[in-house]
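Here is a short report on one model.

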Amino acid sequence: MSLWTNMYIGVTGLKTQQNAINITAHNLTNVNTEGYVRQQASFSDLSYRQVGFVSGVATWQTGYGVESDRTRHIRDLFLDASYREEYGREAFYDVQYDATVEIEDLFGELEGETFQQTLLNFQEALEELAKTPEASDLATRSGVVLYAEEFISRANAIYEDLVTYQTELDNQVKSMVDQINSLGEQIVYYNDLIRSYEATNVETASDYRDQRDLLLDELSQLVDIDYEENADGVVTVKVEGVNFITEDAVFKMATAQLDTVDHGSSFVTVVWPYLENAEVFNLSATVSTALGNDVGKLKSTLLARGDYVANYTDLPADDATAEEIAIYEKNVAYSSIMKTEAEFDRLINGIVELVNSILCPEVETTLNGTYTTESGETVTYSGETVKILDLDNCSYGTDENSTPGTELFSRSDAERYTVLYDSSGEKIYVYNEVNEFGTTSLYTLGNLEVNQTLLENYAYLPLTTASGDADYDRTRQLVDLFDVEFDNLNPENTTNKTFMEYYESMINEIANEGTLYKAMYDNQNTVVSNLDNSREAFYGVSSDEELTALIKYQDAYMANSRYINVISEMLENIIERMGV
């Protein structure tokens, strides 16, 4: 082997060690860079020249040095896939847990005055009234009206806060869709950079890959993804089994108005515009870890939010059919907020309706003929069955101008009665099923208030008999209603309960769900932390290791340098001697 060949070996050694030093320095520079994966220099033989041959044994070869092989990008694909799946599952249960905490907080169960205390205040006011229902005791009557106002105001405020929270989640859905689309665009951008940079098959675009992997991590938290890399280094991504990123494009998601005409919802759903607005998620499917569909913050937010604002009419009746229960499970039960809205509204509606039914006893009757309203208009009935105030069994206020059967709780969009006069001039108080717009009017939260007439004059509270005596029986009924088992909580909790038991059961159910979600979140958090630590241990940059490698490569560089100097001196010596 010639000295010139030896010189070439030394030069290639210098070049490769310099490259290794550069890679190590790059690692040290990015020791604190988020998402950075350490790179590792690798070497291979440059080439060989045959200089002899031993028959039947081997060839004699001389090497031409060393070259830098492709820089290794230290990454474990299995760890990445596991981390991203569990990261998305952690985000899913984080949203569900946050929803239950928010609900508990709205009822004051975590801190502050609980709504249960508001219920107790109203109950105690009725008990005080039962002790002294005399007409002269306006102070006690005022207590009932004022605590009723506190009760309804607080209930309306909680319900409004639940709706506001739904709206906030709806806005989060829109923001997340924009974020997902942006991540998709960025991944496509890095796909193009990596493909063009690695097309020469000389070097790996490691830094670009790190940025793309960081984007995939972020995307996996928001939605359930499947991804793979092709031979050109391009990553394609599917979301919920549907193409999201292909080799050349990103198919963006969009939001569309939910089709909930019956409920008047303004919430959005997430769709694929390129698939004729097919919905991205099947929210009616059972969600579980076993099925692998409990992944992603976006899906969890949609589930927590629900499709519309629920009320007591969304709960199945005691005698509901299996089909009606299935509708409830599909449309309401999956959402913590919607279920709470429906159950809470059922509680308030139950109290309101029972109180009003005691103060305003009604009977069904059939009307035939023409009647006159208080405004002088005529109304004709042809055998319709209606509910009317039972004037024989109702009570009156103490004020001489008070009317019979004045309700304590009113609908904000409808009077309780339309007053009709028959041919003899007798008054008939017909219960209004609808409001002035002709739509059904319910005693439901958001549509409830304390009767303004009673707020202006407590003496109108109908607790006096027609003869002017205190109506002890009616006040006793108002107190006893809190001992009545009025309804069950939901199809999974079918034991009838009193109002207090119902409320406690509702809060306990929310707390139990929160405990379950917290346990699942904590478990996922541990899993994700362990996987993240494993990833960091595998491809994270250790300054100590890199400094050790740097010293090794520097020593090798110096050794090659000295080797070249020796060869150079030998050549110089030979040339000088030959010259002599």
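## Helices H8 and H10

This is a predicted model. In it, the axes of H8 and helix H10 (residues 472-480) come within 10 Å. They cross at roughly 170 degrees. An angle over 145 degrees counts as roughly antiparallel, so H8 and H10 are roughly antiparallel to each other.

Which residues make the contact? On the H8 side they are Val355, Ile358 and Leu359. H10 brings Arg474, Gln477 and Leu478. By class, the contact of H8 with H10 has 4 nonpolar, 1 polar and 1 charged residues.

## Strands S13 and S14

Strand S13 covers residues 362-373. Its pairing with strand S14 (residues 378-389) is antiparallel and runs over 11 bridges.

S13 and S14 form a hairpin with 4 residues between the strands. There, glycine 376 takes a positive phi near 95 degrees.

Threonine 372 has tyrosine 421 in S16 as its bridge partner.

S16 in turn pairs with strand S17 (residues 427-431). How many bridges join S16 and S17? There are 5, again in the antiparallel sense. Leucine 420 stands opposite isoleucine 428 in S17. The hairpin of S16 and S17 has 5 residues between the strands. In this hairpin, glycine 425 takes a positive phi near 90 degrees.

## The sheet S10-S11-S12

Strands of a sheet pair through backbone hydrogen bonds. Here 3 strands form an open sheet, in the order S10-S11-S12, with antiparallel pairing. Which strands are the edges? They are strand S10 (254-257) and strand S12 (278-279), and each pairs on one side only.

Strand S11 (residues 268-272) is joined to S12 by 2 bridges. Tryptophan 272 has alanine 278 in S12 as its bridge partner. Helix H4 (residues 138-197) packs on the sheet and touches S10 and S11. The direction of H4 makes about 20 degrees with that of S11.

## The largest pocket

The largest pocket has a volume of about 660 Å³. Its lining counts 26 residues. Which of them lie nearest the centre? Those are Val287, Ala333, Tyr334, Ser335 and Tyr517. By class, the lining has 12 nonpolar, 8 polar and 6 charged residues.

Where does the lining come from? Four helices each supply at least two residues: H2 (77-106), H7 (322-333), H8 (336-359) and H11 (499-539). H11 gives the largest share, 5 residues.

Methods: Residues are numbered from 1 along each chain as its sequence is written. This is a predicted model: local features need pLDDT of at least 70, side-chain atom pairs count only at pLDDT 80 or more; totals for chains, interfaces and linings use all residues. Side-chain values use heavy atoms; hydrogens and water are left out. On a 1 Å grid over the protein atoms alone, a cavity is a set of points where a 1.4 Å probe fits but cannot get out, and a pocket is an open set with protein on both sides within 12 Å along at least five of seven lines; lining residues have an atom within 4 Å of a point. Grid points are joined across faces, edges and corners, and a volume is the space filled by probe spheres set on the points. Ala, Val, Leu, Ile, Met, Phe, Trp, Tyr, Cys and Pro count as nonpolar, Asp, Glu, Lys and Arg as charged, and the others, Gly among them, as polar. Two strands pair if DSSP finds at least two bridges between them. Axes are lines fitted to C-alpha atoms, for helices over the stretch in contact, and angles run from 0 to 180 degrees between N-to-C directions. Angles under 35 degrees count as roughly parallel, over 145 as roughly antiparallel, 65 to 115 as roughly perpendicular and the rest as oblique. Contact means heavy atoms within 4.5 Å.
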